[in-house]
Number of protein chains: 2
Amino acid sequence: MAYNLAPLQNLIEQFERMQGIGNKTAQRMAFYVLSLSESEADEFAKAITDAHSKIKQCKICCDLAEGELCPICQDSSRDKSVICVVQDSRDVVAIERTHEFKGLYHVLHGAISPMDNIGPEQIRIKELIARLGDGEVEEVIMATNPTVEGEATAMYISRLLKPMGIKVSRLAYGVPVGADLEYADEVTLSRALEGRSLI
Amino acid sequence: MAYNLAPLQNLIEQFERMQGIGNKTAQRMAFYVLSLSESEADEFAKAITDAHSKIKQCKICCDLAEGELCPICQDSSRDKSVICVVQDSRDVVAIERTHEFKGLYHVLHGAISPMDNIGPEQIRIKELIARLGDGEVEEVIMATNPTVEGEATAMYISRLLKPMGIKVSRLAYGVPVGADLEYADEVTLSRALEGRSLI
């Protein structure tokens, strides 16, 4: 049921626009807002406009940044000879969490998807190529999603980079650690077989 | 992992404060905000401050209202002889959805719960009693939640109202329509047995 209080209904609809938020959750969120004190509600609203106005894209890697450059591109201890290419800022966070990668990133902000009218020009491929001109980069690791679109994007970029003499690699496919083989899908299992290594 | 971009991390934390919103969802919500256009983000923020500043409590029933009175209390076609007492504004919406109840409501904004330091003074019982003075109300239906606190609140209010000569009733307990008996808990089942009717 829609509320006949316009400001409340409007707030519910704002929350509902977010992916994965249904009507019940949006209602609960709107009631949470009503339960806040005035200063808390103002702070909440300010957090939205602040994040939106202050967070920009890093001039180098296109990841999120508060100033011109993101913290990783500013960090002189990172290995500038390896760039890990991801679709999304959240992927950077996921890889950083492993503490295994010491190179730089490049965030494409999407993947090539003709179905959604997203071609190579709509994602940050041009910006990636521009970074490779000075010969400092030796390897580009493609860490796009293991989906049709992610694969296509990785293939597309790899074909652009190879003639430049840059090593292009891809994340390994296989069964997730801790998962039950029984539940692995056939494609993942056959990729895991293909990529098997001697022990 | 926390983001080292303060405005983003702050927004994520704002979303995380909502009940039932975990870190992953809060992150996704914050990225949704970043993906908005500037005017959309401003609109979102404004919806929060607007809802918070414009939505007040109805002077009569304590339900949410944009002006002095809620739409139901303003509606002269509603039956003023019956008041349905609920804990929360969302319960009003749920009952309205049945289209079965034509009386008025009273929203307590909580239930008596000594464990949480909520006594009869902390919820809108005084306001309910004040509505019953003019003798127009014949019946009060207790529709508090079927929990210990909801029950205790219903009992407490019923003891206050009975000496005033007002009929006090309670929602029926029983098995939910469409549910499987096998999965009904014993308390619900025994209440359903107690409340059985001839067919």
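Buried means under 20% relative accessible area, exposed means over 50%, and partly exposed lies in between, with a 1.4 Å probe and protein chains only. Keep that scale in mind for the first stop, A:Thr49, which is partly exposed because its relative accessible area is 24%.

Before you start clicking, a word on the model: it is predicted, local features need pLDDT of at least 70, side-chain atom pairs count only at pLDDT 80 or more, and totals for chains, interfaces and linings use all residues. Residues are numbered from 1 along each chain as its sequence is written, chains are lettered from A and ligands numbered from 1 in the order in which they are written, and side-chain values use heavy atoms, with hydrogens and water left out.

**Stop 1**

Select A:Thr49 in helix 3 (residues 38-54) of chain A. Helices (H or I, at least four residues) and strands (E, at least two) are DSSP runs, numbered from the N terminus. Now show the contacts, meaning heavy atoms within 4.5 Å. Leaving aside residues up to four places away in sequence, A:Thr49 touches B:Ala41, B:Asp42 and B:Ala45.

Next, bring both chains into view. Two copies of a chain are related by a rotation about an axis and a shift along it.

**Stop 1: helix 1 of chain A**

Move to helix 1 (residues 6-16) of chain A, where A:Pro7, A:Leu8, A:Gln9, A:Leu11, A:Ile12, A:Gln14 and A:Phe15 are buried. Which elements do the buried residues of this helix pack against? In chain A they meet helix 2 and helix 3, and in chain B they meet helix 1 (6-16), helix 2, helix 3 (38-54) and strand 2 (64-65).

**Stop 2: the two pockets**

On a 1 Å grid over the protein atoms alone, a pocket is an open set of points where a 1.4 Å probe fits, with protein on both sides within 12 Å along at least five of seven lines, and lining residues have an atom within 4 Å of a point. Grid points are joined across faces, edges and corners, and a volume is the space filled by probe spheres set on the points.

The largest pocket has a volume of about 620 Å³. Of its 26 lining residues, select A:Phe31, A:Tyr32, A:Ser35, B:Asp88 and B:Arg90, which lie nearest the centre. Helix 2 (23-35) of chain A, with strand 1 (56-57) and helix 5 (89-98) of chain B, each supply at least two lining residues. The largest share, seven residues, comes from helix 2 of chain A.

The second largest pocket holds about 510 Å³. Its lining has 22 residues, and A:Asp88, A:Arg90, B:Phe31, B:Tyr32 and B:Ser35 lie nearest its centre. Two or more lining residues come from each of strand 1 (56-57) and helix 5 (89-98) of chain A and helix 2 (23-35) of chain B. Helix 2 of chain B gives the most, with six residues.

**Stop 3: strands 3 and 4**

Select strand 4 (residues 103-107) of chain B: five of its five residues are buried, so the strand is largely enclosed by the rest of the structure. Five bridges join this strand to strand 3 (residues 79-86) of chain B, and the two run parallel. Strands pair if DSSP finds at least two bridges between them. For one bridge, pick B:Cys84 and its partner B:Tyr105. In chain A, look for A:Val86 opposite A:Val107 in strand 4.

**Stop 5**

B:Gln57 sits in strand 1 of chain B and is partly exposed at 30% relative accessible area. Beyond residues up to four places away in sequence, B:Gln57 touches B:Cys62, B:Asp63, B:Ala65, B:Glu68, B:His109 and B:Arg124. B:Glu68 is 11 residues away from B:Gln57 in sequence and 7.6 Å away in space, C-alpha to C-alpha.

Most residues other than glycine have a negative phi. B:Cys62, in the loop between strand 1 and strand 2 of chain B, has a positive phi of about 70 degrees. Is B:Cys62 buried or exposed? At 4% relative accessibility, B:Cys62 counts as buried.

Finish at A:His109, in the loop between strand 4 (103-107) and helix 6 (125-131) of chain A. A:His109 has a positive phi of about 60 degrees and is partly exposed, at 29% relative accessibility.
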